[in-house]
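I opened this notebook to record what I looked up in the structure. The entries follow the order in which I consulted it.

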Amino acid sequence: MCDHFPLYRGNLEYFCLGCDARFDINELLYTCPTCGSVLLLEDKNFSLLGRKSGKEWQEIFDGRAACKIDALRGIFRFYELIAPVLDEEDIIYLGEGNTPIIKANQELQKEIGLRFAIKNEGQNPSASFKDRGMACAFSYLQALARRHNREEILTICASTGDTSASAALYASYLGGAVKSVVLLPQGKVTPQQLGQPLGNGATVIELPGVFDDCMKVVENLSRNYRVALLNSKNAWRILGQESYAYELAGWRNWDMRKLCVFVPIGNAGNITAILNGFLKLRALDIIDGLPRIFGVQSAHADPIFQYYNRGRDFAPVQVRPSVAQAAMIGNPVSFPRVRRLVELYCRRYVPQAGEKAFQVVQVTEQEIMDCMLMANRHGHIVCTQGGETLAGLRVALRHALIGPDEFAVLNSTAHALKFAGFQQLYFEDAFPPEYEITPGRDLKNAPLSIFSADRKASLPEEEYIEQAARAVAATLGLKSR
Ligand SMILES: *Cc1c(COP(=O)(O)O)cnc(C)c1O
Ligand SMILES: [Zn+2]
């Protein structure tokens with residue numbers, strides 16, 4: 001049942017992961033004014049939600065799946081767990097969330113050697129999971145603007161492509177006083193991702209360097225000028241992205257046994273949100289155990305893999321070109337959040353024999369491309385980062401980190417079409433050597449040219465149809481009727 005907007009209101013505040021200081025949410029903060037560390041948002045009233053049983057919450061969230069109130073159709077179906085300080089009129093809904101989870105078919109499961117499904121985050125409005133976070137961040141901005149009569153809001157972000165596509169989309173929907181500026185590393189986003197903010201009318205600024213360089217420029221701007229930063233440093237985005245965990249838990253009918261969740265890690269905002277999301281569900285007994293989480297990184301951009309597997313000493317890495325370009329980040333802003341939440345997560349997790357609550361696996365560029373194509377040859381629409389999670393599953397199986405009775409859900413964070421250029425490089429065997437990718441013969445594909453334009457020009461139309469049909473039939477080896 002869902003016939004009214006929720007009455008519950010939380011009491012949110014920022015808390016600092018460096019010095020534990022707490023701050024009011026009447027101002028948009030990105031980092032701690034005292035010590036400079038990243039922040040997270042916490043609801044001081046959260047324990048009041050425990051007055052309802054886990055079962056009651058399950059029923060509420062399940063019931064809202066059929067809700068007729070626009071504000072509750074997307075990520076705010078889980079309103080009480082996300083940003084329960086917003087009013088109905090603050091909430092922006094562009095169709096984000098509720099992305100499908102598609103089980104791999106028999107053939108693919110057999111090839112991989114485990115039962116698994118893929119959650120298609122590419123089916124969000126700007127074709128990546130970033131929309132979950134933007135829906136929350138923009139709703140909060142709208143609330144701020146309304147309450148403080150702010151006349152103009154300039155939003156700004158650095159991006160590996162999808163953050164800017166998403167920010168530009170939401171800003172253009174709000175229109176009026178909200179303007180969007182995006183900073184992109186020149187030549188390091190795909191043409192599709194560049195076209196998105198341009199099409200939505202954002203101001204697009206290209207800077208030389210990689211994402212990490214753009215991020216530093218944006219941080220400088222947000223320190224010194226009146227701009228609203230929309231990178232995942234913005235804790236409101238994390239809240240929105242928690243909805244991934246809520247939807248996934250609901251899809252499993254709130255039963256987390258034998259579930260392994262695979263997530264690609266770039267700036268580490270997404271994995272932060274997913275960890276926090278499951279922890280909140282657990283705290284309210286909406287789920288009675290935690291799933292296992294596998295972070296996945298390419299060997300070309302793997303600082304968090306290095307941290308968890310090479311001695312717990314964090315150091316940024318110099319990235320090398322990666323087809324998982326949206327995750328090609330050497331100094332992830334959310335690393336302190338991950339470290340904190342992983343500790344909590346592991347403490348709350350009740351392990352079975354040999355199981356670990358959280359781990360990070362490393363994959364090669366070759367495996368990422370091979371896995372993306374393999375998945376898509378079996379009816380999926382995964383992006384390169386989705387390919388990365390499938391590659392991660394294979395590595396986990398190879399190293400026996402996952403058992404035959406477990407079930408994996410892979411996060412395909414964007415739509416395959418955004419990364420069509422990498423597929424093209426694979427098919428044409430044209431990757432620059434730094435990528436270290438050689439196409440597999442079985443996975444290559446190319447259009448067949450079987451009839452020249454000159455030959456067509458020399459023929460009357462009916463004759464052309466006849467001859468072209470014959471050429472197609474010969475190519476396919478068709479038998480006549
Ligand atoms: C942003 C992004 C990532 C990385 O997510 P983080 O939150 O930065 O770790 C992965 N895949 C896609 C498609 C993205 O857009
Ligand atoms: Zn601090």
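**Entry 1: Asn231.** Is Asn231 buried or exposed? I worked from a predicted model throughout. I looked up the relative accessible area of Asn231 and found 2%; as the cut-off for a buried residue is under 20%, Asn231 is therefore buried. I placed Asn231 in the loop between β9 (228-229) and α8 (235-241). Its side chain has a polar atom 2.7 Å from the backbone oxygen of Ala158. Leaving aside residues up to four places away in sequence, I listed the contacts of Asn231 as Cys157, Ala158, Thr163, Phe211, Met215, Val218 and Arg237.

**Entry 2: Glu151.** I next turned to Glu151, which sits in the loop between α4 and β6 (153-158).

**Entry 3: the zinc ion (ligand 2).** Which protein atoms are the donors of the zinc ion (ligand 2)? I found the SG atoms of Cys16, Cys19, Cys32 and Cys35, lying 2.3 Å from the ion. Along the chain these donors follow the spacing C-x2-C-x12-C-x2-C. Cys19 belongs to the loop between β1 (12-16) and β2 (22-24), and Cys35 to the loop between β2 and β3 (39-43); the pair therefore ties together parts that are 16 residues apart in sequence. For reference, the ideal angle for four tetrahedral donors is 109.5 degrees. I noted that Cys19 is partly exposed at 35% relative accessible area, and that Cys35 is likewise partly exposed, at 38%.

**Entry 4: nonpolar cores.** Which members of the largest nonpolar core touch the most other members? Of its 116 residues, I recorded Tyr14, Phe76, Phe138, Trp236 and Phe278. Helix α4 (residues 130-148) supplies the largest share of this core, 10 residues. I followed up Phe76 and, not counting residues up to four places away in sequence, found that Phe76 touches Arg64, Ala71, Ile82, Ala83, Leu86, Ile91, Ala135, Cys136 and Ser139. A second, separate core has 41 residues, including Phe294, Ala375, Leu410 and Phe427.

**Entry 5: domains.** Finally, I looked up the division of the protein chain: domain 1 takes in 101-125 + 241-435, and domain 2 takes in 447-481. I noted a separation of 46 Å between the centres of domain 1 and domain 2, taken over C-alpha atoms.

Note on methods: Residues are numbered from 1 along each chain as its sequence is written. Chains are lettered from A and ligands numbered from 1 in the order in which they are written. This is a predicted model: local features need pLDDT of at least 70, side-chain atom pairs count only at pLDDT 80 or more; totals for chains, interfaces and linings use all residues. Side-chain values use heavy atoms; hydrogens and water are left out. A nonpolar core is a set of buried Ala, Val, Leu, Ile, Met, Phe, Trp, Tyr and Cys residues joined through side-chain atoms within 4.5 Å. Buried means under 20% relative accessible area, exposed over 50%, partly exposed in between (1.4 Å probe, protein chains only). Helices (H or I, at least four residues) and strands (E, at least two) are DSSP runs, numbered from the N terminus. Contact means heavy atoms within 4.5 Å. Domain bounds come from an automatic or database domain assignment. Donors are N, O and S atoms within 2.8 Å of the metal (3.2 Å for Na, K and Ca); water is not among the atoms, so sites may look incomplete. A polar contact is a pair of N or O atoms within 3.5 Å; within protein, one must be able to donate a hydrogen and the other to accept it, and residues adjacent in sequence count only if both atoms are side-chain atoms.
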